[in-house]
Amino acid sequence: VLSVSPRLPLMKLAVFCGALALGQADDLCSWCEGGQCNDVCKVAKSHLSLSITGETGKYYPYWVPAESAVQDLQTAEVHPEVELAVMMHHGAVRNGNEYLCYIYNSVVETFGKAFADKKTVIFAPQVYYPEDKPAEKELFWDPQGVTDSSSWSWGGNSTATVSASLSSFEVIDQLLLEASNKKRFPNLKKIVVAGHSSGGQITHRYALANRVDEEIRGKGLDLHYFPANPSNFAYLDGTRPVLPTEVTCDTLCNNRTLSTQKYKFADEPVGPGAGCKDYNKYGYGLEGGLVPYVEAVGVKNMLAAYGKRQVTYLSGDSDICNKPEQDAKHCTTCTVDDGGLEVSCADYAQGWCRMERAHAYLQHVRHFYGRDVHDLVQVPYAGHNGCAMVQSPATRRAMFGKLDEVTV
């Protein structure tokens with residue numbers, strides 16, 4: 001299923017909506033991060049006892065709604081009222097408390113506050129760096145460059161400054177196994193795993209690599225992943241979309257044509273990423289540099305599993321900005337803020353902007369498996385804005401539309 005917005009002058013409408021919703025200054029290009037949303041709620045922090053907690057004394061922090069009936073995923077209480085579990089991962093800013101509000105308000109808008117508080121387990125992981133001043137007992141990660149394979153968004157391990165460490169993927173494994181505990185939540189039906197921007201990167205790669213999907217679905221649960229607006233994807237082989245080497249202001253990520261663009265694929269990058277030597281190393285692809293968790297799972301096993309998993313890519317149809325290109329070409333009179341779009345040669349091998357990269361990647365995955373696996377929802381009038389993305393009616397229909405016979 002490919003859900004697209006009406007063929008209207010999307011850029012102009014997105015400018016209006018973004019400026020209205022976010023109150024941006026006149027000199028900022030409002031469509032780049034535009035969209036309407038409610039980002040306010042009451043939050044509380046909880047901590048997960050990990051497989052390494054006994055050795056290290058470290059717990060994993062995560063956020064929950066302050067008024068939720070379930071404040072602790074490891075509660076000893078039984079909650080037969082719970083039907084839905086939702087995890088939402090933050091991006092590079094590491095603002096898990098804010099992302100908790102984004103997704104909580106999405107559930108409230110869909111089902112009502114009573115359902116969100118009593119019948120839903122909602123939680124948002126929190127990755128900390130030392131500069132964030134985590135509490136003594138809180139696990140943290142060491143800062144890495146965005147192209148380093150040990151990045152948390154690529155499944156890298158937590159800090160090596162304590163006696164044991166865990167992959168960020170292993171932490172999510174443990175979170176989801178607790179959330180899917182049928183003794184604790186006997187009437188749970190569905191688990192949603194979502195993330196935006198760098199959170200979209202970890203959600204995508206986790207969907208590809210994790211080793212608990214089959215176990216959770218074996219409990220009769222619907223497990224569905226929603227990576228939103230990541231800067232890049234892990235390609236399944238060495239092919240890449242054939243892209244134009246040069247673009248103009250008019251042809252750079254035109255959102256009226258990208259949604260229907262049919263890509264050809266070549267055995268190596270063609271276009272802005274041509275000649276990139278590391279375009280298929282882990283993170284961008286699966287060749288070399290694998291983090292320990294991914295290496296242990298094995299590429300062969302990952303490729304066999306990924307096409308069978310429920311993945312829906314979320315792409316904001318105003319997430320089309322590319323600051324370096326637009327500035328160099330003097331495309332706008334306003335100031336472009338592309339939300340930290342990653343622009344290495346390996347990134348450019350996947351597309352000129354996030355929207356193009358998402359559409360090309362879906363086509364790649366379907367070409368790789370030879371059938372229509374996975375889906376993409378194009379979110380109308382949303383730019384690089386995690387709050388607007390998850391609260392859009394299009395996203396909420398995709399995330400929650402199959403929760404049968406919900407009783408509010």
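**Figure 1. The disulfide of C37 and C387 in the predicted model.** C37 is partly exposed, its relative accessible area being 33%. The sulfur atoms of C37 and C387 are 2.3 Å apart and form a disulfide. The link of C37 and C387 is right-handed, with 115 degrees about the S-S bond. Because C37 belongs to the loop between α1 (10-22) and β2 (43-49) and C387 to helix α13 (residues 386-391), the pair ties together parts that are 350 residues apart in sequence. A search of the whole structure finds 7 disulfides, one of them being this bond between C37 and C387.

**Figure 2. The disulfide of C249 and C331.** C249 is joined to C331 with an S to S distance of 2.1 Å. The torsion about the S-S bond is -85 degrees, and the link of C249 and C331 is left-handed. Distant parts of the chain are linked here, 82 residues apart: C249 is in the loop between β8 (240-241) and β9 (265-266), and C331 is in the loop between α10 (323-328) and α11 (345-348). C249 counts as partly exposed at 34% relative accessibility, and C331 likewise counts as partly exposed at 24%.

**Figure 3. The disulfide of C276 and C345.** The S to S distance between C276 and C345 is 2.1 Å. The disulfide is right-handed because the torsion about the S-S bond of C276 and C345 is about 50 degrees. C276 lies in the loop between β9 and α8 (292-297), whereas C345 lies in helix α11, so the pair ties together parts that are 69 residues apart in sequence. C276 counts as buried, at 9% relative accessibility, while C345 is partly exposed, with a relative accessible area of 38%.

**Figure 4. The aromatic pair of W154 and Y282.** The structure holds 16 aromatic pairs. The ring planes of W154 and Y282 stand at 80 degrees, with the ring centres 6.0 Å apart, so the pair is edge-to-face. W154 is in the loop between β5 (120-125) and α5 (168-179) and Y282 is in the loop between β9 and α8, a link between distant parts of the chain, 128 residues apart.

**Figure 5. The aromatic pair of Y313 and Y361.** Y313 and Y361 are edge-to-face, at 5.7 Å centre to centre and with 85 degrees between the planes. This pair links strand β10 (residues 310-316), which holds Y313, to helix α12, which holds Y361, the two residues being 48 residues apart. Y313 and Y361 are both buried.

**Figure 6. The surroundings of H374.** H374 is found in the loop between α12 (354-369) and β11 (375-379) and counts as buried, at 6% relative accessibility. The side chain of H374 reaches the backbone oxygen of Y306 at 2.9 Å. A polar atom of this side chain also lies 3.3 Å from the backbone oxygen of R309. Beyond residues up to four places away in sequence, H374 touches Y306, G307, R309, V311, Y313, L362, V365 and R366.

**Figure 7. An aromatic cluster and charges over rings.** F169, Y206, Y225 and Y293 form one aromatic cluster. R211 lies over the face of Y293, at 4.1 Å from the ring centre. K137 lies over the face of Y59, at 5.7 Å from the ring centre.

Technical notes: Residues numbered from 1 in each chain as written. Predicted model: local features only at pLDDT ≥ 70, side-chain atom pairs only at ≥ 80, totals over all residues. Heavy atoms only, no water. Helix = DSSP H or I, 4+ residues; strand = E, 2+ residues; numbered from the N terminus. Buried < 20%, exposed > 50% of the residue type's maximum accessible area, 1.4 Å probe, protein only. Polar contact = N/O pair within 3.5 Å; in protein donor to acceptor, adjacent residues only side chain to side chain. Contact = heavy atoms within 4.5 Å. Disulfide = S-S within 2.5 Å. Phe/Tyr/Trp six-rings, centres within 6.5 Å; stacked < 30°, edge-to-face > 60°. Lys NZ or Arg CZ within 6 Å of the ring centre and 35° of its normal.
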